[in-house]
Amino acid sequence: MKTLLLPSPVFISKSIPNIPQNSPLNSGFQSKLGFSCCSKTRNNCARLRVIRNNNSGEDGSVVSDDENGVFDSVAEFQLIPQSGEIEVSNSHADKMEESVDDESAQENLEKVTYNIVFVTSEASPYSKTGGLADVCGSLPIALASRGHRVMVVSPRYLHGGPSDEKLAGTTNLNRATKVYCSGGVQQVDFFHEYRKGVDWVFVDHPCYSRPGNPYGDDNGAFGDNQFRFTLLCHAACEAPLVLPLGGFTYGQKCLFLANDWHAGLVPVLLAAKYRPHGIYKDARSIIMIHNLAHQGVEPASTFCNLGLPWEWYGTLEWIFPTWARTHALDTGQTVNILKGAIVTADRILTVSQGYSWEITTPEGGYGLNELLSSRKFVLDGITNGIDVTEWDPSSDKHISSNYTVDDLSGKIACKMALQKELGLPLRPDCVLIGFIGRLDYQKGIDIILSATPALLQDDVQFVMLGSGERQYEEWMSATEEAFKNKFRGWVGFNVPISHKITAGCDILLMPSRYEPCGLNQQYAMRYGTIPVVHETGGLRETVKTFNPCAEEGEGEEGTGWAFSPLTRECMLDALRMAIKTYREHKTSWEGLMRRGMERDCSWDNATVQYEKVFQWVFTDPPYVT
Ligand SMILES: Nc1ncnc2c1ncn2[C@@H]1O[C@H](COP(=O)(O)OP(=O)(O)O[C@H]2O[C@H](CO)[C@@H](O)[C@H](O)[C@H]2O)[C@@H](O)[C@H]1O
């Protein structure tokens, strides 16, 4: 993986259009906006642990230069234990005694840890509709395992079904808190579970209790989603101030990682609601963009529901061009929450390097490309890792047989079990192609639709799992009728089936039109299933096209096929090449499987890069003061 670009000169708020420099400190305002008074948190305000550093901490605080290299004390900061258990990091000191020359130990000695607050609309295993949940369910754990104090704040969805059981381990913290939005006071409760080193915090409010999924039901998206996620952002900003997790609040010096538009008000609130009152002056925020296509756009008249001072309207203002307006009276005036986040967050991160560039282009920028380009010096991309315990063919509970790279016999058993479960002919030698994902434009479903009749002329089997646009769901059912022995379409969202398809197929197809990172191709490779993908975004970075002429062991042989441009013909060519290799070049196929399975897809690489960005974000002053 390439290294990140070095940060460039700091942008100061003067350069941002629409952002008032000195929001007035209006005393009447304080009660109207309803932030929590947190002067008493001064002493707990950061759990910054600096171990053996010379003269100054990363944050500029003074640390002693202890020759013994055990914990140094940090002026201004109180050492605070992890929330769930009191962790004494002697391991770092021990390590130093054991091997002072060891480079990685040296790195640890200089390590600064942060108080990190993820804000997200979904986090696996508690709630999941896609890859955002996977990342917000596993990256926090990876960061916590590296010594950071990590909290994840998301809604406490209760759908009135078996999925509610996932919240059974949470307890009410009895810290009812009032926040001000939508023209009134809203009371939220916080539920909590400490699991795998992370504080999982769930915001409880009646608006999160309803059948469906986190965003909608059979009738479409919920009409009050702007309110529901505004509430999440307000509550998430209060959480580090008011929740004594493990006895201590996270305090004001924390780093907010706001994920996608649902959490996009967090950086705006820090700037507009808290900092004018001296709160969160030392906090920083990063907006993490998993999918720029969704921006949280609503009519301009809804601005008054966001709990922001009027003078911040320009920060969110978004005017659609004339051609994009829907009728003669449509003025195109809207509020765009993601835009607000982009112009107020301290840094911007996407989930692959390629995507961080794509979003600065007119093709990939969804109207925000110029704004993003103007902040390209603080824009980086870090390719997602995956949860290698949840997605592990040697221990996966969802699949019929476990297997490893050294013994692949279980994979054939998984293939036959899948064929049996789906009612396809039991044919271990017939190539089995799979697709898992939302049935929408992003995932290139229209290309699959146009290519399937030609693909199914060949002796192959093809299974699809997905839900989304009704026309595509109906097409899957119709295709199943037409090709009974070759095609199966499973409409719905089903995690166990997604594991079974990942393990049982030979090829995983991902013709995504754009793919910020993509996780399914990484899961597939880990399960010895060969990805055939459109060469875009994170797919380009993670799948290397097979090169039959490369020397074994030189690392150039590839892990799948990445095709371009995205056309029916190109996709069919790539699939046919893969099928031919499967049938006629067994040794090459096994090499492809082995390289995919042995590829490092854990979060280890990514977390080191995240830490670099954290360092940079605290080195620079806040972008908006
Ligand atoms: N019907 C179904 N049943 C069961 N499971 C299903 C399913 N449909 C999808 N899934 C699962 O949902 C996840 C989808 O993750 P992706 O990263 O492929 O795409 P998504 O577009 O949701 O995520 C966005 O965010 C992620 C995370 O940053 C980026 O990787 C990605 O490019 C970006 O579009 C996978 O775990 C997949 O198995």
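## Sheets, a helix and cysteines

Six strands, in the order S18-S17-S16-S19-S20-S21, make up an open sheet with parallel pairing, where helices (H or I, at least four residues) and strands (E, at least two) are DSSP runs numbered from the N terminus, and two strands pair if DSSP finds at least two bridges between them. This is a predicted model, in which local features need pLDDT of at least 70 and side-chain atom pairs count only at pLDDT 80 or more, while totals for chains, interfaces and linings use all residues. Residues are numbered from 1 along each chain as its sequence is written, and side-chain values use heavy atoms, with hydrogens and water left out.

The edges of the six-stranded sheet are S18 and strand S21 (561-563), each of which pairs on one side only, and neighbouring strands are turned by 15° against each other on average, direction ignored. Within this sheet, S16 and S17 are joined in the parallel sense over six bridges, and Phe435 stands opposite Met464 in S17.

The UniProt record, an unreviewed entry, places the feature "domain: Glycosyl transferase family" at residues 432-546; UniProt positions are given in the numbering used here, feature names are shortened, and annotations may be inferred rather than shown by experiment. The end C-alpha atoms of residues 432-546 lie 19 Å apart, and the span is 41% helix and 23% strand.

| Helix | Strands | Angle |
|---|---|---|
| H12 | S16, S17, S18 and S19 | about 155° to S17 |
| H18 (residues 586-598) | S19, S20 (530-534) and S21 | about 80° to S20 |

In helix H12 (residues 445-455), the residues Ile445, Ile447, Ile448, Ala451, Thr452 and Leu455 are buried, a term for under 20% relative accessible area, with exposed over 50% and partly exposed in between (1.4 Å probe, protein chains only). They lie on the same side of H12 because they cover an arc of only 135° around the axis, the arc being that of the directions from the helix axis to the C-beta atoms. The partners of these buried residues include strand S16 (431-436), strand S17 (460-466), helix H13 (470-482) and helix H17 (568-584).

A second open sheet has three strands in the order S11-S13-S12, with antiparallel pairing. Its edge strands are S11 (297-299) and S12 (317-319), and the twist averages 45° from one strand to the next. S12 pairs with strand S13 (residues 333-336) over three bridges, and Ile319 stands opposite Gln333 in S13. Helix H8 (residues 337-344) packs on this sheet, touching S12 and S13, and its direction makes about 55° with that of S13.

Arg325 sits in the loop between S12 and S13 and is partly exposed, at 28% relative accessibility. Not counting residues up to four places away in sequence, Arg325 touches Ile319, Phe320, Asp330, Thr331 and Gly332.

A search of the whole structure finds zero disulfides, a disulfide being a pair of cysteine sulfur atoms within 2.5 Å. The sulfur of Cys181 is too far for a bond, because the closest cysteine sulfur, in Cys207, is 8.8 Å away. Cys430 is likewise in no disulfide, with the nearest cysteine sulfur, that of Cys505, 11 Å away. Cys181 is buried, with a relative accessible area of 2%, and Cys430 counts as buried at 2% relative accessibility.

Note on methods:
Axes are lines fitted to C-alpha atoms, for helices over the stretch in contact, and angles run from 0 to 180 degrees between N-to-C directions. Contact means heavy atoms within 4.5 Å.
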